[in-house]
Amino acid sequence: MKKILFFPSVLLFVTLLSCAQENQQKFENAAHILVFSKTEGFRHESISSGLKMLVDQSKSQNWVITATENAGLLSDPVLKDFDVIVFLNPSGDALSEQAQDAFKKFMDKGKGFVGIHAAADCEHDWLYYGNLIGAYFKTHPPAQEATINFENNNHPAMLPFSGIKSYTTFDEWYSFKENPRENVHVLATLDESTIKKSNNNDWKMGDHPIIWWQENNGVRSFYTGFGHTHEAFQDKKIIEHITNAVNWAAKRID
């Protein structure tokens, strides 16, 4: 049974254990996940689909999810109850200085962070966040079908791609202001030769990371470039990819 509570500027989704046969919980202890999707720049329509996907996954993953676009909830009293923050396609200068301070203190306690797609297009002027996310969005060619190549499938988030060297799907393929490779563990790169539609070459990076992770001083951070379209959050492989990333960030799996 799933209870949905509505509050001003926040939706709280609580997965209950009263129907174990239906939900088949994979983890005994609940993980508390804050999903943040405030947009001060471009707004992705797929935010609703991403949120639905996370709530649907909460049934089996024993997640307690709070979803909000209110940066005021990023405060010490609220964040103390969470294990992971998921930035689901936020954009622009979404956090106040007070929220930034609370966010940093939360992460510095050894918590987890998962950035989805436009999370790289958020807080461009905040160095701490830039280091945490790994790289900032620069531009992209038109959304289209393209191929990513896998460098390492040993991370739990790559389990759905085990046994394959590449994956072709439709998305909006970001390029970044800086190549994060020196500071993160790259899991997949965009095969730039599969991009067939572009107005210029500004998006090209040569070496083009698109999925990566890092862990520093107990803080786990994961970024995936998937997530522009509604369909991305209906793709079974991407669903498992993001689900495992969240559980890894929560230190449930390694």
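Predicted model: local features only at pLDDT ≥ 70, side-chain atom pairs only at ≥ 80, totals over all residues.
Q: Is strand β13 (residues 219-224) largely enclosed or largely open, and how many of its residues are buried?
A: The side chains of a regular strand alternate between the two faces of the sheet. In β13, V219, S221 and Y223 point one way, R220, F222 and T224 point the other way, and all are buried. The strand is therefore largely enclosed by the rest of the structure, and the number of its buried residues is six of six.

Q: Which strand pairs with β13 in the parallel sense?
A: Strand β12 (residues 209-216) is joined to β13 by six bridges, but these two strands run antiparallel. The other pairing has five bridges and is parallel, and the partner of β13 in it is strand β6 (residues 112-116).

Q: Which residue in the hairpin of β12 and β13 takes a positive phi?
A: Strands β12 and β13 run antiparallel, and in their hairpin two residues lie between the strands. A phi near 55 degrees is found in this hairpin, and the residue that takes it is N217.

Q: Is V114 buried or exposed?
A: V114 is found in strand β6, and, leaving aside its neighbours within four places in sequence, it is in contact with residues including V84, I85, F222 and A249. The C-alpha atoms of V114 and I85 are separated by 6.5 Å, although these residues are 29 residues apart along the chain. A residue counts as buried when its relative accessible area is under 20%, and, because V114 has 1% relative accessibility, the word for it is buried.

Q: Which element gives the most to the lining of the largest pocket?
A: The largest pocket holds about 180 Å³ of space, and its lining has four nonpolar, six polar and one charged residues. Two elements, α5 (127-133) and β12, each supply at least two residues of that lining. The one that gives the most, with three residues, is α5.

Q: How many residues of the second largest pocket's lining come from α5?
A: The second largest pocket has a volume of about 150 Å³, and D108, Y128, N131, L132, Q214, N216, V219 and S221 line it. At least two lining residues come from each of α5, β12 and β13. The largest share belongs to α5, and it amounts to three residues.

Q: What kind of pair do the rings of F87 and F103 form?
A: The count of aromatic pairs comes to 21. For F87 and F103 the ring centres are 5.6 Å apart and the planes meet at 55 degrees, so the pair is tilted. F87 lies in strand β5 (residues 84-88) and F103 in helix α4 (residues 97-107), so parts 16 residues apart in sequence are tied together by a pair whose kind is tilted.

Q: What kind of pair do the rings of F176 and W212 form?
A: A pair counts as edge-to-face when its planes are over 60 degrees apart. The rings of F176 and W212 have centres 5.2 Å apart and planes at 75 degrees, so they meet this condition. The pair links distant parts of the chain, with F176 in strand β10 (residues 175-176) and W212 in strand β12, 36 residues apart, and its kind is edge-to-face.

Note on methods:
Residues numbered from 1 in each chain as written. Heavy atoms only, no water. Buried < 20%, exposed > 50% of the residue type's maximum accessible area, 1.4 Å probe, protein only. Helix = DSSP H or I, 4+ residues; strand = E, 2+ residues; numbered from the N terminus. Pairing = 2+ DSSP bridges. Contact = heavy atoms within 4.5 Å. 1 Å grid on protein atoms, 1.4 Å probe; cavity = no way out; pocket = protein on both sides within 12 Å on 5 of 7 lines; lining within 4 Å. Points joined across faces, edges and corners; volume = space filled by probe spheres on them. Nonpolar A, V, L, I, M, F, W, Y, C, P; charged D, E, K, R; others polar. Phe/Tyr/Trp six-rings, centres within 6.5 Å; stacked < 30°, edge-to-face > 60°.
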